[in-house]
Amino acid sequence: MYDEALQDRRFERELAQIETRLTDLGIAGKIARLALFREPIELIRDEIRGGVTTVVAVGNDMTLRRVIDAVQDRKTVVALLPVGPQGAMTSLLGMPSGVAACDVLSARIVEELDVGEVNGKRFIQSAHIEGTDFTVHYGKQYTMKPMRKASLEVRNFAAPDDAGTQSPVDGRLSLIIRLPKFSLFGSKTDISIVPFEEIFVTCEKTITAKVDGDSLQGKDFSFRVIPKALRLVTGKARKF
Amino acid sequence: MAKGTGPETIIAFGVRLEGDLVAEGDLVIEGEVHGTIKTKGDLRIGDQALVEANIEAANAVVSGEIRGNIIVHGKLELFPSSKVTGDVVTDILAIGPGAQVNGNISMGAEVTKGKKRTESVDAS
């Protein structure tokens with residue numbers, strides 16, 4: 001599945017090299033191209049029904065995301081073949097960019113990754129809600145509320161940062177609440193981290209959440225983890 | 001200190017939690033908790049924390065304020081800034097100068113085991 005951005009002439013040579021290398025490695029398949037108004041969901045699902053067992057997203061994080069939206073079963077293997085400007089997934093999955101990724105594809109190290117879900121929308125990396133008043137409900141056990149406006153992130157898979165590391169193979173998501181704090185000596189952020197399998201977040205007003213880069217409007221958000229929902233090809237340099 | 005089996009949970013300053021906080025891993029409380037706290041791992045209560053809860057943990061280090069009973073199966077360390085209003089049951093206790101405890105203190109491995117057994121019988 002080629003990203004629409006790869007129609008640009010500057011990628012022609014790299015794509016030709018990739019196709020040659022794949023042929024040398026004995027990897028054959030059907031090529032489909034994404035386009036602005038062409039949704040890949042039906043196309044990919046038709047191919048899977050027709051017997052396709054591996055779908056390769058050629059492009060970047062967004063290409064991979066569109067492929068994952070279409071692949072809802074736990075049998076089909078998905079892979080990212082990075083070409084062009086990249087986001088975080090390339091390094092997280094340990095996939096080298098361009099032709100070098102063909103050899104990683106050929107090695108076929110398949111990992112079963114957890115996927116996050118918010119209001120029925122799936123995500124691999126994270127979902128963000130910025131600067132608002134909200135309450136977190138952890139089943140009937142407890143509620144949690146920041147005492148002033150804070151940002152909320154629900155994370156499945158991310159590079160190590162101020163909120164530590166999150167593994168996409170532990171069967172949990174992480175709730176991260178960031179509260180900025182200002183004083184005479186500068187500013188810092190207090191970070192709460194709660195691992196969970198299922199939570200419900202209610203906001204004071206309708207807001208826009210960012211789910212792996214896509215917008216999702218709502219007032220109430222139901223988050224849950226779907227363990228081992230995705231079979232993904234990874235490289236040896238993967239970050240988990 | 002022994003580590004719990006699950007991932008670490010952190011409740012930072014400025015966050016208020018109400019209800020029963022049960023964790024498999026270590027717990028760090030810097031904010032407010034009202035309810036109960038139970039972890040198989042270690043517990044750290046920071047100097048800005050306010051905890052109105054009954055607590056059970058493997059080991060605990062306390063710098064903040066606790067209003068509730070505490071059961072610690074291993075070692076409980078009360079730092080000089082800590083203030084505890086409630087009964088304390090622990091195997092090993094270390095109290096810094098200036099730490100306040102207003103309640104009964106019971107110590108020794110047998111006491112913590114007995115406390116756990118009594119609570120299990122009560123629960124059933």
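In the predicted model, 17 residues of chain A are in contact with 18 residues of chain B, two residues being in contact if their C-beta atoms, placed from the backbone, lie within 7 Å. On the side of chain A that touches chain B, two or more residues each come from strand S7 (142–146), strand S11 (173–183) and strand S12 (186–196) of chain A. Strands (E, at least two residues) and helices (H or I, at least four) are DSSP runs, numbered from the N terminus. S12(A) gives the largest share of this side, six residues. By residue class, the side of chain A that touches chain B holds ten nonpolar, three polar and four charged residues. Here Ala, Val, Leu, Ile, Met, Phe, Trp, Tyr, Cys and Pro count as nonpolar, Asp, Glu, Lys and Arg as charged, and the others, Gly among them, as polar.

S7(A) pairs with strand S2 (residues 15–23) of chain B in the antiparallel sense, over five bridges; two strands pair if DSSP finds at least two bridges between them. A:Pro146 stands opposite B:Val15 in S2(B).

Within chain A, domain 1 covers 4–107 and domain 2 covers 118–226, with bounds from an automatic or database domain assignment. Taken over C-alpha atoms, the centres of domain 1 and domain 2 of chain A are separated by 30 Å. Six residues of domain 1 of chain A are in contact with seven residues of domain 2 of chain A. To the side of domain 1 of chain A that touches domain 2 of chain A, helix H3 (residues 61–70) of chain A gives the most, with four residues. That side of domain 1 of chain A has four nonpolar, no polar and two charged residues.

Residues are numbered from 1 along each chain as its sequence is written, while chains are lettered from A and ligands numbered from 1 in the order in which they are written. In this predicted model, local features need pLDDT of at least 70 and side-chain atom pairs count only at pLDDT 80 or more, whereas totals for chains, interfaces and linings use all residues.
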